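Biologist: Please take a close look at the salt bridges in this model and describe them in some detail.

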Amino acid sequence: MEQVRLGTTGLKVSRICLGMMSYGDPALRKWALDEEAAEPIVRRAVEGGVTFFDTADMYSQGMSEEITGRLLPKLFARRDDYVLATKVCMPMGDGPNDRGLSRKHIMAGIDDSLRRLGTDYVDLYQIHRWDYGTPIEETMEALHDVVKSGKVRYIGASSMYAWQFAKAQHVAETRGWTKFVSMQNHYNLVYREEEREMNPLCVDQGVGLIPWSPLARGLLAGNRERGGERKTVRSRNDAFGDGLYTEADFDVVDAVREVAGERGVPAAQVALAWLLGRPGVTAPIVGATKLTHMDDAIAAEGLELDEKEIERMEAPYRPHAVVGHS
């Protein structure tokens, strides 16, 4: 698998990032895999050339980080052979300081994540969302200090409005603090609202895009049908995903299926290939709970779509209300 620069940094990552949210506690997420079930999938990813792994402190209340921290050292000879990303912001307890992007929570959050991950540093530390209750100056200075401490190599952000991201970058630049190098935003064939503001901003500023939900919570891979039929455990137990997409999005799904059928490949490969070809996209974050999911993601990197196929899949798109920022 090709290894490319994350944005304009010198950091090299694989073109597919394995999202580790799928591995954790089945009691908290019915579709989550425990460590034993996750290991063959993570191993297949590594064998396919994946070197980039993304998790978060709140996934299964820390268990995803723990599983990630045990599996990756088994599969790589050295810590420097893979790129590890995690996030901070979401609630990790009932206390008033157990969430958000205050200096207190960021400092506690990185130490807790490093302990669960069993490592001395995280390659990419991301703010999981915007914190309306904390001045961005406080957040950016705390992140800068975490980088200078050696606990973090680079910082990134996740879904927010473009003006918020621009403000954060401006604050960091004017104060001489560390700036974000990546944006993990909600972006796929059925949700393209990020093409209006955030994606052009990131392309202009050399910030790498690492989209989440590249298959629209499995919609583009066929886990849902018109009329509400749910085919997988996840699609039947994904309240967050239920609020992201609409019945009209199946027009795009149908177009993807047609192109995939003509190509003789699964729809997931076609949808991922489209995303890999978008401006500024470094590495989609792919979730995998079956070996075939990982195989499709790896194969997508080598699938080149022609302009007519791309036009056919993009044509049915309908604008959406902005979702995914909370």
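How many salt bridges does a search of the whole structure find?

Modeller: This is a predicted model, in which local features need pLDDT of at least 70, side-chain atom pairs count only at pLDDT 80 or more, and totals for chains, interfaces and linings use all residues. Residues are numbered from 1 along each chain as its sequence is written, and side-chain values use heavy atoms, without hydrogens or water.

The search of the whole structure gives 18 salt bridges, each a side-chain nitrogen of Lys or Arg within 4 Å of a carboxyl oxygen of Asp or Glu. One of them pairs D111 with K151, whose closest N and O atoms are 2.8 Å apart. This pair links distant parts of the chain, as D111 belongs to helix α3 (residues 103–117) and K151 to the loop between α4 (136–148) and β7 (152–158), 40 residues apart. Helices (H or I, at least four residues) and strands (E, at least two) are DSSP runs, numbered from the N terminus. D111 is partly exposed at 36% relative accessibility, and K151 is partly exposed at 27%; buried means under 20%, exposed over 50%, and partly exposed in between (1.4 Å probe, protein chains only).

R196 and E193 form another salt bridge, at 2.6 Å from N to O. Here R196 is exposed at 52%, whereas E193 is buried at 9%.

R312 and E262 also meet through their side chains, at 3.0 Å from N to O. R312 is in helix α12 and E262 in helix α9 (residues 250–263), so this pair ties together parts 50 residues apart in sequence. R312 is partly exposed at 31%, while E262 is exposed at 56%.
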